[in-house]
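This report goes through a few local features of one structure, part by part. The sequence and the model come first.

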Amino acid sequence: MRVLSIQSHVAYGHVGNSAAVFPLQRLGHEVWPVLTVNFSNHTGYGAWRGPLIAAEDVAAVITGIGERGAFETCDTVLSGYQGSPEIADVIVDAVAQVKAANPDATYTCDPVMGNATSGCFVNPAIPPKYRSTVIPVADVLTPNQFELGFITDRDALSGPSSLSDILAAVDEVRGLGPSAVLVTSVDREGAPDDAIEMLAVTADGAWLVTTPRLPMKANGSGDITAALFTAHLKATGSPADALARTASSVFAVLKETLDSGERELRLVAAQDAIASPAGEFEVEQVR
């Protein structure tokens with residue numbers, strides 16, 4: 001698989017393309033990373049250095065890739081943190097170019113906006129652009145539960161929610177365009193306090209996976225999740241299999257990170273678990 005990945009980049013640590021590229025490569029996929037920001041570190045530290053990359057510069061890099069004839073062999077476009085609202089139009093144009101060259105190509109949008117702990121942490125102009133411009137052209141959408149609520153104007157999803165409410169929100173965003181939705185950081189009423197879940201939904205059904213909740217906050221975990229789910233869904237065509245493989249690898253990376261005592265994801269140390277996790281969590285079909 002060949003992936004055009006349009007996301008942020010940090011020199012220190014692992015978020016955006018710095019979290020997504022290596023796992024995809026470890027699975028054997030070719031990745032063409034296009035940067036929307038070039039920061040020293042992720043913004044969770046409260047201080048960082050480096051530039052937001054202008055939309056026209058991002059577009060120029062994508063144009064140059066296209067001029068190499070690469071779009072005909074591109075299987076997937078993946079986008080994450082945009083940096084500025086103008087990047088949305090660049091992404092949509094890139095998706096159109098890739099799909100014109102390869103009609104079998106798909107587009108995964110990770111609508112990075114915030115989380116239940118931090119709230120919305122992006123430019124306020126970005127969320128409306130997701131809903132109006134980007135999500136309608138996405139094939140796969142990978143929001144966390146907070147972002148799902150933000151997109152669908154459901155404030156209740158910022159806390160514990162019923163499975164039926166979460167599914168209703170997913171059905172609404174699927175109505176905007178995406179055929180598959182992966183919801184991460186699911187906080188479901190009735191679930192054990194020491195568990196965290198992910199939910200995958202397509203027209204064929206809905207599947208839930210439960211993993212232990214680790215006592216940590218890991219920046220970049222959503223970025224690696226979106227990348228792995230995209231790769232496994234493309235390879236297997238099975239949302240359930242993609243969900244199981246993704247959850248198992250991401251949990252292994254998080255456990256390795258927790259055990260190390262370090263703040264940044266231990267992607268290199270856990271690379272064997274990315275390629276072939278020791279065990280797989282069971283997936284339950286819930287619809």
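## The loop between β9 and β10

Alanine 203 lies in the loop that links β9 and β10. This is a predicted model, in which local features need pLDDT of at least 70, side-chain atom pairs count only at pLDDT 80 or more, and totals for chains, interfaces and linings use all residues. Residues are numbered from 1 along each chain as its sequence is written, and side-chain values use heavy atoms, with hydrogens and water left out.

Helices (H or I, at least four residues) and strands (E, at least two) are DSSP runs, numbered from the N terminus. Alanine 203 is exposed, at a relative accessible area of 67%; exposed means over 50%, buried under 20%, and partly exposed in between (1.4 Å probe, protein chains only). Leaving aside neighbours within four places in sequence, alanine 203 is in contact with Arg174 and Ser179, where contact means heavy atoms within 4.5 Å. Serine 179 is 24 residues away along the chain, and its C-alpha atom is 7.0 Å from that of alanine 203.

## Helix α6

The buried residues of α6 (residues 163-176) are Ile166, Leu167, Ala169, Val170 and Val173. Seen down the axis of α6, they fall within an arc of 160 degrees, so they line one face of the helix; the arc is that of the directions from the helix axis to the C-beta atoms.

The elements that cover these buried residues include β7 (140-141), α5 (145-152), β8 (180-186), β9 (195-202) and β10 (205-212). After α6 comes glycine 177, with a positive phi near 160 degrees.

Notes: The expected span of a helix is 1.5 Å times one less than its number of residues.
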